[in-house]
Amino acid sequence: LSLGYANGTSSDEVNGFWRFDNSFEDYSGNSISLLDSQNVFFTEGVFGTRPAGFEGSRQPYLEYEDDPVFDPQNFTVAAWINPDTNAEDMPIIEKSVGSTEGFVFLIDNFFGTDRVSLYVQSSSQNTQRFRTDVTVPQGELSHVAATFNGSNVKLFLNGKEKQTVESNTSASYIPSNQELIVGASSTGSGGEYFNGSIDELKYISPSLNSSEIRNEYLYGRPFI
């Protein structure tokens, strides 16, 4: 028997990759290291690493200035997350201007239950809220991923495809010229903040297929 390690997505397809191993450094090769609001801390991670910890009451977030690498029409967002609380929306990563531009990948509490969702803004200036039935347990790390191909969103939990949500419009996606934010939406006293930890966060273009998402889930894990 031999011990190997599963591979993730090819590095030339990864626009941003933050391991959060005691730093906010970008491992994609694009030098997009995140800036801290000074309220983010490090906690216990997936592979013995130190992911970013967020305590919503402290209004924590990470950010990076506007960059066109986050503007493609087809994309994937993925991360390991461990939410601490519910009863509120908790953004994981966003690049958005209200309801007119960009995207938000979040834990959505619209139905009274925390569900993984992706919001995207279309050329009709409507927010397409791709809400799902995919729930994430509290108190443990789970791998979540969303793919957007311009017409539908697929949601994955721990490497398995859970749900496809079709678009309700033919309008095209409008990228945002705002900064990229991790762990918050509309920062400030009226903002929404993540509670818990985020690890191994990736933004990838293009939209990945099911087997590629499985590889992302297995990324860095040993196998025999």
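**View 1. Strands β5 and β18 are joined by three bridges and run antiparallel.** Strand β5 covers residues 52-54, and its Gly53 stands opposite Ser197 in β18. Strands and helices are DSSP runs numbered from the N terminus (strands: E, at least two residues; helices: H or I, at least four residues). Two strands count as paired if DSSP finds at least two bridges between them. The model is predicted: local features need pLDDT of at least 70 and side-chain atom pairs pLDDT 80 or more, while totals for chains, interfaces and linings use all residues. Residues are numbered from 1 along each chain as its sequence is written, and side-chain values use heavy atoms, without hydrogens and water.

**View 2. Strand β18 also pairs with β2 and with β7.** The pairing with β2 (residues 14-18) is antiparallel over four bridges; Phe17 has Lys202 as its bridge partner in β18. Strand β7 (residues 75-83) is likewise antiparallel to β18, over seven bridges, and Ile81 stands opposite Ile198.

**View 3. Strand β18 (residues 196-204) is largely enclosed by the rest of the structure, because nine of its nine residues are buried.** Buried means under 20% relative accessible area, exposed over 50%, and partly exposed in between (1.4 Å probe, protein chains only). Glu200 lies in this strand and is buried at 5% relative accessible area. Its phi is near 50°, a positive value in a residue other than glycine.

**View 4. Asn22 has a positive phi of about 65° although it is not a glycine.** Asn22 sits in the loop between β2 and β3 (35-36) and is partly exposed, with a relative accessible area of 47%.

**View 5. A cis peptide bond joins Ser205 and Pro206.** Omega is about 15°. Pro206 belongs to the loop between β18 and α1 (210-218).
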